[in-house]
Amino acid sequence: MHSGYINMDYNWNDLRVFLAAARSGSLSAASRILKCNQPTVSRRISALEQAIGLRLFQRHAHGLTLTEDGQRILRVAVAMDAAAAALQRHTDTTSMVNGTVRIAAPEGLGLQLIAPALNKLLHEYPELTLTLESASSSADLARGEADIAVRLYRPDAPDLVVRRVRNMAFGLYASHPYLSYYGTPTTADALLSHRFIDYGELLSDQSESRWLQSLAPSARYVLRSDSIVTRINAAQVGTGIAVLPHMLTRNTELVQILADHAPPDRTIWLVVHQDLRDAPRMRVVLDFLTEVIESA
């Protein structure tokens, strides 16, 4: 038992290591997040436990479990981490268009729409530095994983500011070689004898994937992937029919089929943390992304 007094003579970096371990659940996962080796993570946690006089984790074969004291310290660490991130955002608000802007976008929009257009922005603002992360998962703006996010859903967190950009429409697409070999379906019933490319496990609940499953439930799904670049490339070489956004097929030779059958549109949103919304570099990048996406 401890007296309730916690020695505050500790290294803040050790608390950051503790936070990474608590969030990830293991020393190995924390070491990957922090880009250091596992013994270092273990040593830093032990140093923190010794400094504050509390046991924070139960270590076992499957990872780490927070003790009761560890859960209490985690709440404090999360609050401190959020405060540090907020302070950094306020510090970053400057009067000039310079510095770094980190953009997170869905893979297809990031790689095929945004990345090819960035040179124009960087030429106009030479003091600007951009980081573009294109992935299926969403970045957490509150934790500082990105400054601006392009999203296909409207977030409801109170500290985020959202801008509606446009709707993104979808259609069924196949390549000329595929249609030459398997024929062009002219009715929904004809789809049942065709081959399809669909979303992977992570995105299988998206509205357009559910729509495709309802349209052709017993058809053969020969390839599944959460990567839209993979799905587009596979469709182009004739692997099967895929549901794809119109805006990402414009520079391909894919052919739209059954144009009168289409899943619901998705809405594209731009999201920024409210502490950064008035920073000049953020306004410039937000306006640029809006223009790029609207014109696609």
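Predicted model: local features only at pLDDT ≥ 70, side-chain atom pairs only at ≥ 80, totals over all residues.
At one end of the order, strand E7 (residues 170-174) pairs with E11 in the antiparallel sense, over three bridges. If you want a spot to look at in that pairing, Tyr173 stands opposite Gln256 in E11.

Now zoom in on Val243, which has its place in strand E10. Is Val243 buried or exposed? Its relative accessible area is 3%, and the cut-off for buried is under 20%, so Val243 counts as buried. What is Val243 in contact with, leaving aside its neighbours within four places in sequence? The list is Phe170, Gly171, Leu172, Ile197, Glu208, Trp211, Leu212 and Pro263. Gly171 is worth a click: its C-alpha atom and that of Val243 are separated by 5.5 Å, although the two residues are 72 residues apart along the chain.

On to the other open sheet, again with five strands and mixed pairing, in the order E4-E3-E5-E12-E6. Strand E4 (128-134) and strand E6 (160-168) stand at the edges with a single partner strand each, so one side of each has no neighbour in the sheet. Neighbouring strands of this sheet are turned by 20° against each other on average, with direction ignored. Strand E5 (residues 148-151) and strand E12 (residues 266-273) run antiparallel and are joined by four bridges. Arg151 stands opposite Trp269 in E12. Helix H5 (residues 107-114) packs on this sheet and touches strand E3 (99-105), E4, E5, E6 and E12.

Here are the helix directions against particular strands.

| Helix | Strand | Angle |
|---|---|---|
| H5 (residues 107-114) | E4 | about 135° |

Helices also pack on each other. Helix H1 (residues 12-24) and helix H3 (residues 38-52) meet at an angle of about 115°, and their axes are 9 Å apart. The crossing of H1 and H3 is left-handed. From H1, the contact uses Asn13, Asp14, Leu15, Val17, Phe18 and Ala21, while H3 brings Val41, Arg44, Ile45, Ala47 and Leu48. By type, the residues of this contact divide into eight nonpolar, one polar and two charged.

Last comes helix H10 (residues 280-294). Its 15 residues, at 1.5 Å a residue, should span 21 Å, and its end C-alpha atoms are 21 Å apart, so the two agree. H10 is mostly covered, with eleven of its 15 residues buried. Those buried are Pro280, Arg281, Met282, Val284, Val285, Leu286, Phe288, Leu289, Thr290, Val292 and Ile293. As background for reading such a list, an α-helix has 3.6 residues a turn, so residues three or four places apart point the same way.

How values were computed: Residues numbered from 1 in each chain as written. Heavy atoms only, no water. Helix = DSSP H or I, 4+ residues; strand = E, 2+ residues; numbered from the N terminus. Expected span 1.5 Å × (residues − 1). Buried < 20%, exposed > 50% of the residue type's maximum accessible area, 1.4 Å probe, protein only. Pairing = 2+ DSSP bridges. Axes fitted to C-alpha atoms, helices over the stretch in contact; angles between N-to-C directions. Left-handed = near helix turned anticlockwise from the far one by under 90°. Contact = heavy atoms within 4.5 Å. Nonpolar A, V, L, I, M, F, W, Y, C, P; charged D, E, K, R; others polar.
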